[in-house]
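Visitor: I have a model open and would like to go through it with you, one piece at a time. Could you keep the answers plain?
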Amino acid sequence: MIKQLSQRLLGPVTLVLLALTFWLGLWVTPPDRVQGNLVRLLYVHPAIAWVALYVSFGTSVIASSLYLWRRTRSVVMDRVASCAMEVSAVFLALTLITGSIWGRPTWGVWWAWDARLTSTAILLVFALGYLALRRANDDPELRARRSAVFAIIAAINVPIDHFSVDWWHTLHQGATVFTENGNFLVHGSMLWTLFLSLFAFTLLFFWLLRARYRLEVQRDARYAASLDEALAQRRREGVH
Amino acid sequence: MPDTEDTFDLTPVAAPPTKRRGRWRTIGVLAVLVLAVLALLSQGLLHSLNYFETIDQAMNSRAQLGTETFRLEGVVKPHTIDRTSRGASFWMTGGDKKIFVDATGSPPQLFQANIPVVVEGHFTSETSDKFVATQILVKHTATYIAKYPNRVKAPNGTVR
């Protein structure tokens with residue numbers, strides 16, 4: 001009952017929270033002392049990057065690990081891993097696009113080959129590579145195993161991406177929320193709107209993941225049905 | 001003829017080539033992936049993991065740098081910006097050191113006093129403090145503070 005209700009409410013709640021985030025971000029929160037109204041991208045870009053790097057890529061890696069572990073190996077884990085990686089690929093592309101839109105007026109360039117931007121681009125290539133790898137294998141078990149191993153290897157780039165701004169000199173700014181000393185560098189209503197955007201985009205991820213997962217289940221069911229139909233067809237051909 | 005499963009041989013006839021084809025496709029995907037990652041790394045990180053040198057680092061390695069082109073980071077010193085038809089000149093500080101920058105090209109819209117910038121160019125000579133730049137990039141901080149923190153809303157809705 002509660003599960004059904006939460007599944008039904010996930011979409012509407014996500015949309016309401018996203019609308020609230022945009023309303024607060026565009027009309028209620030103040031302009032920044034240095035960036036002026038450019039600061040409004042703060043309520044979009046970090047949240048998209050949060051979902052891309054940590055939530056969706058992380059979900060895919062955890063599901064991949066659980067698939068490789070014999071006790072928890074199941075087709076559900078494989079499906080979750082692949083669906084989460086698809087969402088991650090989309091969000092990684094959006095991270096680079098929104099970052100570029102923010103970078104042009106602030107830095108003065110659309111793109112800079114610094115460690116943060118380059119490692120994020122590499123992560124997108126890894127995500128696309130994962131999806132290509134899945135399409136390269138016809139054997140479901142082999143495909144699941146290889147892609148799970150690949151996801152775990154690709155995950156090495158996530159901490160590199162995260163700490164790149166601390167380890168090297170980058171044009172990209174340092175951490176805004178997860179700072180080394182735990183102090184928030186965003187003030188007042190801007191901080192709460194930023195937190196709201198992180199929560200709203202996280203819910204959006206779960207909504208998209210659920211929709212993509214259901215599509216995958218339907219596709220598998222359709223494939224199984226078409227296989228049964230092909231076998232039946234062959235039997236009929238044998239009869240006549 | 002009875003319609004039972006054991007009457008017909010349902011074993012796939014041409015199964016083996018599929019696995020081999022899958023293996024080659026996997027190798028192909030991984031090869032493209034490695035090339036793409038190497039291409040990105042060659043653009044971004046193989047030359048240097050650091051996007052710029054700080055003023056302290058640049059001054060400490062003046063002999064090696066010479067008039068070589070590199071990126072330099074520092075904070076724009078207040079009251080020193082002189083916007084010219086070609087670009088802008090200003091003093092840039094880092095630690096207790098300062099460097100005069102003569103930059104060509106249009107500065108970014110956030111370019112102003114007290115803001116960290118990265119300039120790309122070279123020193124005019126091995127002993128000079130003058131840096132000729134062809135590009136100015138603004139490196140804004142991660143701090144976000146309201147522009148008018150004391151602004152209040154009047155009962156009639158107007159902002160003061």
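Visitor: How many bridges join strand β1 of chain B to β2(B), and do they run parallel or antiparallel?
Guide: This is a predicted model, and in it two bridges join strand β1 (residues 53-54) of chain B to β2(B), the two strands running parallel. Within that pairing, Thr54(B) stands opposite Glu73(B) in β2(B).

Visitor: And which way does β2(B) pair with β6(B)?
Guide: The sense there is antiparallel, with six bridges between β2(B) and strand β6 (residues 116-123) of chain B.

Visitor: How many bridges join β2(B) to β4(B)?
Guide: Two bridges do so, and these strands run antiparallel; in this pairing Val75(B) stands opposite Thr93(B) in β4(B).

Visitor: Is β2(B) mostly covered or mostly open?
Guide: Strand β2 (residues 70-76) of chain B is mostly covered, since five of its seven residues are buried. For chain B as a whole, buried residues make up 20% of the 160 residues.

Visitor: What's the overall order of elements in chain B?
Guide: Along the sequence the pattern reads α-β-α-α-β-β-β-β-β-β, which comes to three helices and seven strands. Of the contacts in chain B between residues at least 6 apart in sequence, 46% join residues at least 24 apart.

Visitor: Let me zoom in on Trp91(B): where does it sit?
Guide: Trp91(B) lies in strand β4 (residues 87-94) of chain B. If neighbours within four places in sequence are set aside, Trp91(B) is in contact with Lys77(B), Thr80(B), Lys98(B) and Phe100(B). Trp91(B) and Ile81(B) are ten residues apart in sequence, with their C-alpha atoms 7.3 Å apart in space.

Visitor: Why does Trp91(B) count as partly exposed?
Guide: Trp91(B) counts as partly exposed because it has 18 C-beta neighbours inside 10 Å, whereas a buried residue would need 20 or more.

Visitor: Switching to chain A, how do α3(A) and α4(A) cross?
Guide: The axes of helix α3 (residues 75-106) of chain A and α4(A) come within 9 Å and cross at roughly 145°, and the crossing is left-handed. By class, the residues of this contact divide into twelve nonpolar, four polar and two charged. Among them are Met85(A), Leu92(A) and Leu96(A) from α3(A), and Leu124(A), Leu128(A) and Arg134(A) from α4(A).

Visitor: What span should helix α4 of chain A have, and what does the model give?
Guide: At 1.5 Å a residue, the 22 residues of α4(A) (residues 115-136) should span 32 Å, and the end C-alpha atoms are 31 Å apart, so the two values agree. Helix α4(A) is also mostly covered, with 18 of its 22 residues buried.

Terms used: Residues are numbered from 1 along each chain as its sequence is written. Chains are lettered from A and ligands numbered from 1 in the order in which they are written. This is a predicted model: local features need pLDDT of at least 70, side-chain atom pairs count only at pLDDT 80 or more; totals for chains, interfaces and linings use all residues. Helices (H or I, at least four residues) and strands (E, at least two) are DSSP runs, numbered from the N terminus. The expected span of a helix is 1.5 Å times one less than its number of residues. A residue is buried if 20 or more other C-beta atoms lie within 10 Å of its own, exposed if 12 or fewer, and partly exposed in between; C-beta atoms are placed from the backbone. Two residues are in contact if their C-beta atoms, placed from the backbone, lie within 7 Å. Axes are lines fitted to C-alpha atoms, for helices over the stretch in contact, and angles run from 0 to 180 degrees between N-to-C directions. A crossing is left-handed if the near helix is turned anticlockwise from the far one by less than a right angle, and right-handed if clockwise. Ala, Val, Leu, Ile, Met, Phe, Trp, Tyr, Cys and Pro count as nonpolar, Asp, Glu, Lys and Arg as charged, and the others, Gly among them, as polar. Two strands pair if DSSP finds at least two bridges between them.
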